[in-house]
Amino acid sequence: MARRQRNEADFMQRALQLAARGQGRVEPNPMVGCVIVSRGKIIGEGYHRRFGGPHAEIEALRRCHASPRGATVYVTLEPCCHFGKTPPCTEALIEAGAGSVVVALRDPHPRVAGRGLGKLRSAGIRVETGLLAEQADELNAPYLKLMLHKRPWVILKWAQSLDGKIATRTGDSKWISDEHCRAHAHRVRGRMDAILVGRNTVLTDDPQLTARVGRVRRVATRIVLDTALRTPPTAKLVRSARATPTWIIHAPRASRARARALEAAGCVIHRVARDDNRLSLSAVLDLLGSHGMTNVLVEGGGRLLGQFVDQRLADEIHVYIAPLLIGGNQAVSTLAGRGPATVHEALQLPDNVRLRRLGHGWFAHAKLT
């Protein structure tokens, strides 16, 4: 029994490795891998490569070098049972004569949610669930959050000196990180659904917020939180709004004339409620979730980053640390929100913090939830 369990875990681990290859390509769909095993050997494998393309199970069936009849199928997520961009995977597995299906996670998508497993069982296929579920859950955390909580996965990103400054006392921040770190950050942008900043970042840095290094897998929507709609029409974001999706989110009483001017430039204007004289970040995340956004990268500034930490609304952090000491009482600190009153109330990071050398500095990464 122990040997059988070990082999099953190995096969599911392979399916998870395949699923990870789809990172950034298929979102907001889940990343799914599939391995088909007959007589203890893999005869076919596949993963969901692109949105609208064949699902992992179909890929694996097509790549089988022996008959899948009676085989065991290891798949990281419950097979779909409905017609969408592709036909149902359950029907393909039934038609292929699969003997059993081992699934890591049930799919919470309302059109699946146990129905796929039910169809397989009704066809006489043995079904098992839960093998390496924790690893599969981590791999698809953004998709699962959107399905279960209707909000995107929030990544906070910043570049800082070793002493925790993101700009000097004059506001200068170009460039704290080196070209290697900036290239890495651009690659991350290239798999996001949205990049979020506050209005002050637009006024201070006039950023483009586009991915300009490597292969761009997704074109992120640029989003500016601007309570009073004071983003200038001359900003790079506004001037390029017809080429790259750009949203400006404002409070209820913002000037309608300013809204019309930004709309005329190609921006999409959204209104959300206030929360303590600021835009409600919860309402912002609800809005993004309602538009199917899975991954959102928050790039600052310090006040916005601090608010996300204060309100415990972030899921992950990406920190680029430069071998610099900036110092100065008036230099800009990383997190400029309210902050905790005591050390005991500070946000405690899990044991999953990873720190690695990147360029001349370091890259720190951690999931917070």
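Is Lys-165 buried or exposed? I looked it up, and at 13% relative accessibility Lys-165 counts as buried. (Buried is under 20% relative accessible area, exposed is over 50%, and partly exposed is in between, with a 1.4 Å probe and protein chains only.)

**Ground rules**

I am working from a predicted model, where local features need pLDDT of at least 70 and side-chain atom pairs count only at pLDDT 80 or more, while totals for chains, interfaces and linings use all residues. Residues are numbered from 1 along each chain as its sequence is written, and side-chain values use heavy atoms, with hydrogens and water left out.

**Entry: Lys-165 and Gln-160**

I found Lys-165 in strand β7. (Helices, H or I of at least four residues, and strands, E of at least two, are DSSP runs numbered from the N terminus.) I then listed what Lys-165 touches, not counting residues up to four places away in sequence: Ala-159, Gln-160 and Ile-176 are among them, and so are Ile-326, Gly-327 and Gly-328. Contact here is heavy atoms within 4.5 Å. I also checked Leu-148, which is 17 residues from Lys-165 in sequence and 36 Å away in space, C-alpha to C-alpha.

Gln-160 got its own look. This residue lies in strand β6 (residues 153-161) and is buried, with a relative accessible area of 12%. Leaving aside neighbours within four places in sequence, Gln-160 is in contact with residues including Lys-165, Ile-166, Val-319, Tyr-320 and Ile-321. Ile-176 is listed for Gln-160 and also for Lys-165.

**Entry: helix α3**

Which residues of α3 are buried? In this helix (residues 89-96) I noted Cys-89, Thr-90, Ala-92, Leu-93 and Ala-96. They sit on the same side of α3 because they cover an arc of only 165° around the axis. (The arc is that of the directions from the helix axis to the C-beta atoms.) A reminder to myself: an α-helix has 3.6 residues a turn, so residues three or four places apart point the same way.

The cover over these buried residues includes α2 (56-62), β3 (72-77), β4 (100-105) and α4 (115-122). Just after α3, Gly-97 takes a positive phi of about 80°.

**Entry: the nonpolar cores**

Which members of the largest nonpolar core touch the most other members? Of its 47 residues, they are Met-12, Cys-34, Ile-36, Val-73, Tyr-74 and Val-101. Helix α1 (residues 2-20) gives the most to this core, with 6 residues. (A nonpolar core is a set of buried Ala, Val, Leu, Ile, Met, Phe, Trp, Tyr and Cys residues joined through side-chain atoms within 4.5 Å.) Apart from it lies another core, of 33 residues, including Ile-223, Leu-225, Leu-279 and Met-293.

Not counting residues up to four places away in sequence, Val-73 touches Cys-34, Val-35, Ile-36 and Leu-93, among others. Leu-93 is one of the buried residues of α3.

**Entry: His-250**

His-250 is in strand β10 (residues 246-250) and is buried, at a relative accessible area of 8%. With neighbours within four places in sequence set aside, its contacts include Asp-226, Thr-227, Ile-269, His-270 and Leu-279. Leu-279 is also a member of the core of 33 residues.

I came across two cis peptide bonds. One runs from Lys-174 to Trp-175, with omega near -10°, and Trp-175 is in the loop between β7 (165-167) and α7 (179-189). Another runs from Gly-300 to Gly-301, with omega near 10°, and Gly-301 is in the loop between β14 (295-300) and α12 (302-310).

I also noted positive phi values outside glycine. Arg-39 has phi near 55°; this residue is in the loop between β1 (33-38) and β2 (41-47) and is exposed, with a relative accessible area of 86%. Arg-312 has a positive phi of about 55°; its loop lies between α12 and β15 (316-322), and Arg-312 is partly exposed at 43%.
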